[in-house]
Amino acid sequence: MSNKKSIAILGSTGSIGTQALEVIKSHPDNFQVEVLTAQSNVDLLIQQSIEFRPNAVVIGNEVLYDKAFNVLDPLGIKVYSGEKSLASVVQMDTIDVVLTALVGYAGLVPTIKAIEAGKHIALANKETLVVAGELVTSLAQEKGVNIYPVDSEHSAIFQCLVGEFHNPIEKIILTASGGPFRGRNRKFLESVKKEQALKHPNWDMGAKITIDSASLMNKGLEVIEAKWLFNLREDQVDVVVHPQSIIHSMVQFEDSSIKAQMGLPDMRVPIMYALSYPDRLKADFPRFNFMDYPQLTFEQPDSDTFRNLALAFHALGRAGNAACILNAANEVVVSAFLEDKISFLGMSEVIGNCLDKVHFIKTPSLEDYISTDKETRIKALELIN
Ligand code: NAD
Ligand code: MG
């Protein structure tokens, strides 16, 4: 028996996935790769598999199956394809931790399947908790499964809570960079294009989350993610804009004390902590120097200009399937924005309309979430066209 943790990475070819492999590569005594999956970047998936020798891979797009099979089968690597395989591969006996580094609603079912099989989750895929936070967290509790946050803000909160689990949280303070359009007004935002929105000042991430950061929807999704991860009420979550992204988030306790977790913006840190908790591993990542940042600044988020943050708080307050509606509408408008089919401000309008118009369900089942997602996507596309 080895002491290495066996990791399945869902979405290994993305921004989080590739950084996770960097972390694993530099700690071969701690981790081994059991499963890799990707949607369509088959060349990178093959290259990663040759290097890390997983037991199995899944290529989402079935058209690419043969290409992966022809190279990997002779190496003794099992190759599967399609959505259903993703949901079954996470249940393999040999997996200890599933890192959900895939983007969007597609993470929901595989995450549930992994929890049902008792796998711990390193959660990057925040959309899963936005869509069905109540269902996912209660299932994890029932199965004795831990959900370790990878999102930098939530990792920061988790790190502040270590040693404090018996102390009630008064509130959390989520920091937001403000994105590339911080300080801009609606007049300016009317005409911004994807090329401008895709330039994030502090983080290099996948396209969807980069647009979400520009529109503040990312912070909205993170508010909901925090609610479920840390079992908070809506009024216990504050958002503060902190353009330097050095303080990754904070926890305020009942004695007024605030703990913050800091460092340079580098996703490898929270990825590694989620995989190595409760240990901290040695790493040669660049160190933060206070003299390089003589001023750390803070400001109020502008949720009149960036309506998505207000919409997310609204969805959280409404509960039921409202956040599932918010998420599905957002996925549709972000894809449309990336194809120049909707304006930047038009995105919030469609999301707001979907929240008003899609059938509200107070206590949704998994089937209800699936049908809400479908219904919302149809409605959002209708509103865009
Ligand atoms: P990305 O677009 O760079 O990568 C997404 C990965 O998911 C790819 O490997 C892709 O093949 C796979 N994928 C895409 N669609 C899929 C589908 N329908 N089914 C299965 N697999 C699919 O995205 P990313 O920036 O790495 O983000 C991944 C997740 O992590 C998102 O939920 C994001 O919100 C979250 N996150 C990312 C960062 C970051 O720095 N990139 C930070 C915090 C949280
Ligand atoms: Mg984040």
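View 1. Lys 126 counts as buried because 29 other C-beta atoms lie within 10 Å; the cut-off for buried is 20 or more other C-beta atoms within 10 Å of the residue's own, with 12 or fewer for exposed, partly exposed in between, and C-beta atoms placed from the backbone. This is a predicted model, in which local features need pLDDT of at least 70 and side-chain atom pairs count only at pLDDT 80 or more, while totals for chains, interfaces and linings use all residues. Residues are numbered from 1 along each chain as its sequence is written, and chains are lettered from A and ligands numbered from 1 in the order in which they are written. Lys 126 sits in helix H6, and Glu 222 in helix H11; helices (H or I, at least four residues) and strands (E, at least two) are DSSP runs numbered from the N terminus. Glu 222 is buried too, with 28 C-beta neighbours inside 10 Å. Not counting residues up to four places away in sequence, Lys 126 touches Asp 151, Leu 221, Glu 222 and Glu 225. With the neighbours within four places left aside, Glu 222 is in contact with Lys 126, Asp 151, Glu 153 and Leu 174. Contact here is C-beta atoms, placed from the backbone, within 7 Å.

**View 2. The positions that UniProt annotates as "binding site".** In this unreviewed entry the annotation covers Lys 126, Ser 152, Glu 153, Ser 177, His 200, Ser 213, Asn 218, Lys 219 and Glu 222. UniProt positions follow the numbering used here, feature names are shortened, and annotations may be inferred rather than shown by experiment.

**View 3. The shell around ligand 1.** Of the 25 residues around ligand 1, Gly 11, Gly 14, Ala 106, Met 205 and Gly 206 come nearest; a residue is near if its C-beta atom, placed from the backbone, lies within 6 Å. By class, the shell has 11 nonpolar, 11 polar and 3 charged residues; Ala, Val, Leu, Ile, Met, Phe, Trp, Tyr, Cys and Pro count as nonpolar, Asp, Glu, Lys and Arg as charged, and the others, Gly among them, as polar. Helix H1 (15-25) and helix H6 (126-143) each supply at least two shell residues, and H1 gives the most, with 3 residues. Domain 1 (5-149) and domain 2 (154-303) both give residues to the shell, so ligand 1 lies between them. The domain bounds come from an automatic or database assignment.

**View 4. Helix H5 and its packing.** Leu 108, Pro 110, Thr 111, Ala 114 and Ile 115 are the buried residues of H5 (residues 108-116). Their packing partners are strand E1 (5-10), helix H4 (83-89), strand E5 (97-100), strand E6 (120-123) and H6. Just after H5, Gly 118 takes a positive phi of about 80°.

**View 5. Where domain 2 meets domain 3.** Taken over C-alpha atoms, the centres of domain 2 and domain 3 are 25 Å apart. Domain 2 brings 13 residues to the contact and domain 3 brings 10 residues. On the domain 2 side, helix H8 (186-190), helix H9 (194-197), helix H10 (207-214) and helix H11 (217-230) give two or more residues. H10 gives the most to this side, with 4 residues. By class, the side of domain 2 that touches domain 3 has 7 nonpolar, 1 polar and 5 charged residues.

Conventions
Two residues are in contact if their C-beta atoms, placed from the backbone, lie within 7 Å.
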